[in-house]
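Overall figures for the chain follow at the end.

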Amino acid sequence: MAAQAEEQSSGSFILEHITDHHELHLGPLHIPLPHIELFGVDMSITGHLVMMWIASLLLILTLIISTKRRGRIPSGLVNSIEAIAIFIRDDVAVPNLGERDGPKYMPFLMTVFFFILFCNLLGLIPFGQTATGNINVTATLAGISFAMMLGAGIKHNGLFGFFKGLIPPNLPIALLPLMIPLEFLGLLTKPFALCIRLFANMLAGHVVILSLIGIIFILGYFVAPIAIAFALAMYMLEIFIGFLQAYVFTLLTALFVGLCIHQEH
């Protein structure tokens, strides 16, 4: 019975850290957040929403500081931001969007990368939460990328030209009733893949770390050194995954936008 109670306690411990709440959990201190309902729709402020506000603030402050302190020889934070910007431009934007269109979409791609990165890393600090481990957040990010895909495709090819370009050229008319739904579904799978990939990767990493810590409470404190060592290893891996997932989301967004612009490819 005691072991079962410990397992249930560990499960509650994991759920408490990965699910969204209407209060901020700062250790033993639980701060309630305002409950707002407009026209029957729950618009309450939650912990993940607060984390996104903090990520947005960090994004704005980072970019303001990095541009205001620009010198002839960049150093420190400015140097790091510039290195990331050059990497995204040369390895993400230009290869997928082209020399002419790549720089135009750099502000959007940089915003996507740094916002997701800050959301990922905020979940690794004490009392922080991973907003990107919430499928509502990743679905919204994927929806924004999808809107950018459609907007860019329609802007470059025209409304009729864009949807016409989804159909392979010289396709027999008899196959049109089959191919049109398939191509439309193929278009919708792109934001779906963005949403699920980011959500699953960030959620899984945190569950593994919390599970390793939970082993201490289930098996006893004599396994604490091993569990903490594994948890620290996973923690370092999660930092890497935080950067990697921000990069993958940005790369796939650039790739999908590029496919909508250059439909001939």
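This is a predicted model: local features need pLDDT of at least 70, side-chain atom pairs count only at pLDDT 80 or more; totals for chains, interfaces and linings use all residues.

In H3, the buried residues are Val78, Ile81, Ile88, Val92, Ala93, Val94, Asn96, Leu97 and Asp101. H3 covers residues 76–101. Val94, one of its buried residues, also marks a kink in the helix.

**Geometry of H3**
- The 26 residues of H3 place its end C-alpha atoms only 30 Å apart, whereas a straight helix at 1.5 Å a residue would reach 38 Å.
- The kink at Val94 amounts to about 95 degrees and lies shortly before the proline Pro95.

**Salt bridges**
- The count of salt bridges comes to 3.
- Arg89 and Asp90 form one of them, with their closest N and O atoms 2.9 Å apart.
- Asp90 is partly exposed at 40% relative accessible area, and Arg89 is partly exposed at 37%.
- Asp101 pairs with Arg100 at 3.7 Å, N to O, and with Lys104 at 3.6 Å, N to O.

**The chain as a whole**
- The chain contains 8 helices and 4 strands, arranged from the N terminus as α-β-β-β-β-α-α-α-α-α-α-α.
- Of its 265 residues, 38% count as buried.
- Among contacts between residues at least 6 apart in sequence, 69% join residues at least 24 apart.
- The accessible surface comes to about 15200 Å², and carbon and sulfur atoms account for 73% of it.

How values were computed: Residues are numbered from 1 along each chain as its sequence is written. Side-chain values use heavy atoms; hydrogens and water are left out. Helices (H or I, at least four residues) and strands (E, at least two) are DSSP runs, numbered from the N terminus. The expected span of a helix is 1.5 Å times one less than its number of residues. The bend at a residue is the angle between axes fitted to the seven residues ending there and the seven starting there. Buried means under 20% relative accessible area, exposed over 50%, partly exposed in between (1.4 Å probe, protein chains only). Contact means heavy atoms within 4.5 Å. Accessible areas come from the Shrake-Rupley method with a 1.4 Å probe; for residues, only the protein chains shown count as cover. A salt bridge is a side-chain nitrogen of Lys or Arg within 4 Å of a carboxyl oxygen of Asp or Glu.
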